[in-house]
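Please look at the structure before reading on.

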Amino acid sequence: MKKKIILLLTISFIYFFSCKKKELKNENTYTEFVKDTLFIYDQSGSIKSKGQLDNNSKTNWWFYYDASGHLRSKIEYKIINDICYENQNIYYKKNNSIDSDISSFFEIEIADTLNLGKNLGQIKKYNTNFKGDDNLLSVIVENRYSVNEVKNDTFSDGTLTPSFGIFALKKGKQKVNIILLEEVLNEVRIKKDSSVIRILKHKKYFEKEVYVKDTID
């Protein structure tokens, strides 16, 4: 009998973490603020971690160190709908190279200065730690075309490094808001002659302030 493959389930998921200052409850640590950065030290005075806070929740990039002071990981936190979200994570091996198998991060190329109208951006790198039979990436860009028209345009080319379009409505500062939607496909056998495709969806967030110039400038 011909093998049956059924598209059974799409699961959307976002990993949310408690980004509160758990370290502060540990009696073996002490903290200090330097400008807007919180430093957390162990009892011997070695730095354990550092980063910024927003209403007592971690935000932006945090850096974590081992007992010898070597950087072991850095994690980007974002506040999404009032919940602290681990957006990117980069882990390092003992030789200081990135451990790609357990890291999840991206690199996006957008010019600092855009022209009025249509512009192009590029996903330069997307490293995933979600294992699947296939991984697809879509770039969702919030584009404003008029005062009353805002569209979430979706771009994908079947790879993890698609190009995407940015529309600049008027001259001046503009914030570019992007969602990276990763779909992880896994084929799961349910019977001898049939399988299902399970799709897990994972989101990452990116924003950048750019300047829009008149094309005749």
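E11, E13 and E14 each give at least two residues to the lining of the largest pocket; strands here are DSSP runs of E with at least two residues, numbered from the N terminus. The model is predicted: local features need pLDDT of at least 70 and side-chain atom pairs count only at pLDDT 80 or more, while totals for chains, interfaces and linings use all residues. Residues are numbered from 1 along each chain as its sequence is written, and side-chain values use heavy atoms, with hydrogens and water left out.

A pocket is an open set of points on a 1 Å grid over the protein atoms alone, where a 1.4 Å probe fits, with protein on both sides within 12 Å along at least five of seven lines; lining residues have an atom within 4 Å of a point.

E14 supplies the largest share of the lining of the largest pocket, 5 residues. The second largest pocket has at least two lining residues from each of strand E6 (71-80), E11, E14 and E15. Its lining includes Lys78, Ile140, Asn177 and Tyr205.

The largest nonpolar core has 18 residues, and Ile108, Val139, Phe164 and Leu180 are among those with the most contacts inside it. Such a core is a set of buried Ala, Val, Leu, Ile, Met, Phe, Trp, Tyr and Cys residues joined through side-chain atoms within 4.5 Å. Buried means under 20% relative accessible area (1.4 Å probe, protein chains only). A second, separate core of 7 residues includes Leu38, Trp62, Tyr64 and Cys84.

The chain has 0 helices (H or I runs of at least four residues) and 15 strands. Of its 217 residues, 37% count as buried. The mean pLDDT, the predictor's confidence in each residue from 0 to 100, is 88. Over residues 5-9, pLDDT stays under 50. Where pLDDT is low, the predicted coordinates should not be read in detail.

Notes
Buried < 20%, exposed > 50% of the residue type's maximum accessible area, 1.4 Å probe, protein only. Contact = heavy atoms within 4.5 Å.
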